[in-house]
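Please prepare a briefing on the fold and the salt bridges of the protein shown below, with the cut-offs behind each term.

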Amino acid sequence: MADTHLQIDQESLPPSQTPLLPPTHNNNKSHHRSRRQDQGTDLDQALKGLETFLTFLGFNQSSALSFVLSWTAFIVIGVLLPVVILELSKCGDCKKYQIKDFELDIVASQACLAAVSLACISHSLRKYGIRKFLFVERCAGHGMARFSHKYVQQIKDSLRLLVLWSLPCFILKVVREVIRVLYVQHESWWLSAAILFGLILSWVYVSTVSLSASILFHLVCNLQVIHFDDYAKLLERESDVLVFIEEHIHLRYHLSKISHRFRIFLLLEFCAVTASQFVTLFQTTGYSGIITVINGGDFAVSSIVQVVGIILCLHAATKISHRAQGIASVVSRWHAMATCASIDSSHQLRVSSSMGNLEAANSLNSLHFSYSESDLESLDYIAMPTNTQLASHMASYHKRLAFVLYLQNNPGGITIFGWTVDRALINTIFFIELSLVTFVLGKTIVFTTK
């Protein structure tokens, strides 16, 4: 009756006076679930913001209408606008200093690089979507709590890196165009301002497109670096070698997919930048006049943008390649430490067993004054591990050894048609470029003696 009366009193209480329930395991589960949902929401917002930015630049070509609008804007703003301005602007000294010829070549090189970036990145985005393009679909499962925050931070760092490199180049471009407008006199000030605005607008659009493509590749590689860092920590959490092998297979699979999706982009961008730089070298060294900021300033600005894009791509590819190759050394160290630890534990087992035999012998000595032959033999006896213990140690040793051999023969990394992008490939590229530069200088710079 008392329990019934107490139950009736609790049910008659108003909602504001309902007794507080103690925290339960279900409440903890709901708390963790809400935390994962918040992290997923942050990642979704970051991806949505990145997708909006890429759509604004014309990378999102998911439909026929967006495809036509994107390429129309690129042709109008990136190609036709600067060409029309340069062709219609009247300048008495432009022909003397070859300003128009230099600037038209610069517009062509910048447009080619931006077209390569726009075509390759938009194709991948249209085919895979933003999540599969960045390989963040792995975060949808158990890795939400571990990777979501790092993904969001990497996306913010990539956008910050884009601004960091674009802003100095933008300042140099504005200063150069202001000097050019002051030097090249036009009929009215508003025409000069319109030309200045048109050239800067075209340059900003084309340069942002090319740099954004490099930043996206840089972002994809840095997102995979997060998983390689987590893989190194996996050795501290797990002990099953099969888990390590399966996870490494997943990592190698993602690296192969990245290499397959970006190999055409990397190759075409490298060829476009190389061709542009050597055209610039031909023109500047073959020109008999004086190179000034007015006629050659755009060469410096465009070269900085192009070289920065290549450096970002090579740095990201080299970073992830060496991180993948470094896993073998980490696992080798782990295997060595595990082997030494197992040997030490076996040695301690034998020593403890022998000490136990010594204590037993001493107890026998205290009880009996005469030693038998069997008692003397028991003092030198050392207990050996059983067959089961030996089999367990050897099995784990051979598993670790097989895992080390597997990693040494499957290093992984970003590849371009089989060539791994690492320090060796960068050294090869450097010497090839140096040879080409020497060849161009030998054709354009000639010293004559009278």
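Along the sequence, the elements of this predicted model follow the pattern α-α-α-α-α-α-α-α-α-α-β-β-α, which amounts to 11 helices and 2 strands (DSSP runs numbered from the N terminus, with H or I over at least four residues for helices and E over at least two for strands). Because the model is predicted, local features need pLDDT of at least 70 and side-chain atom pairs count only at pLDDT 80 or more, whereas totals for chains, interfaces and linings use all residues. Residues are numbered from 1 along each chain as its sequence is written, and side-chain values use heavy atoms, with hydrogens and water left out.

**Burial, contacts and surface**

- The protein has 450 residues, of which 38% count as buried (under 20% relative accessible area, with exposed meaning over 50% and partly exposed in between, for a 1.4 Å probe and protein chains only).
- Among contacts in the protein with a separation of 6 or more, 86% come from residues 24 or more positions apart, a contact being heavy atoms within 4.5 Å.

- The structure holds 9 salt bridges, each defined as a side-chain nitrogen of Lys or Arg within 4 Å of a carboxyl oxygen of Asp or Glu.
- One of them joins the side chains of E103 and R180 at 2.7 Å, N to O; E103 lies in helix α4 (residues 99–134) and R180 in helix α5 (residues 144–183), so the pair ties together parts that are 77 residues apart in sequence.
- Both E103 and R180 are buried.
- The side chains of D298 and R176 also meet in a salt bridge, at 3.6 Å from N to O, and this pair links distant parts of the chain, with D298 in helix α8 (residues 293–367) and R176 in helix α5, 122 residues apart.
- D298 and R176 are both buried.

- In the salt bridge of R323 with D229, the closest N and O atoms are 2.5 Å apart; R323 lies in helix α8 and D229 in helix α6 (residues 189–237), so the pair ties together parts that are 94 residues apart in sequence.
- R323 counts as partly exposed because its relative accessibility is 28%, and D229 is partly exposed, with a relative accessible area of 34%.
- Through shared partners, salt bridges join E103, K173, R176, E177, R180 and D298 into one network.
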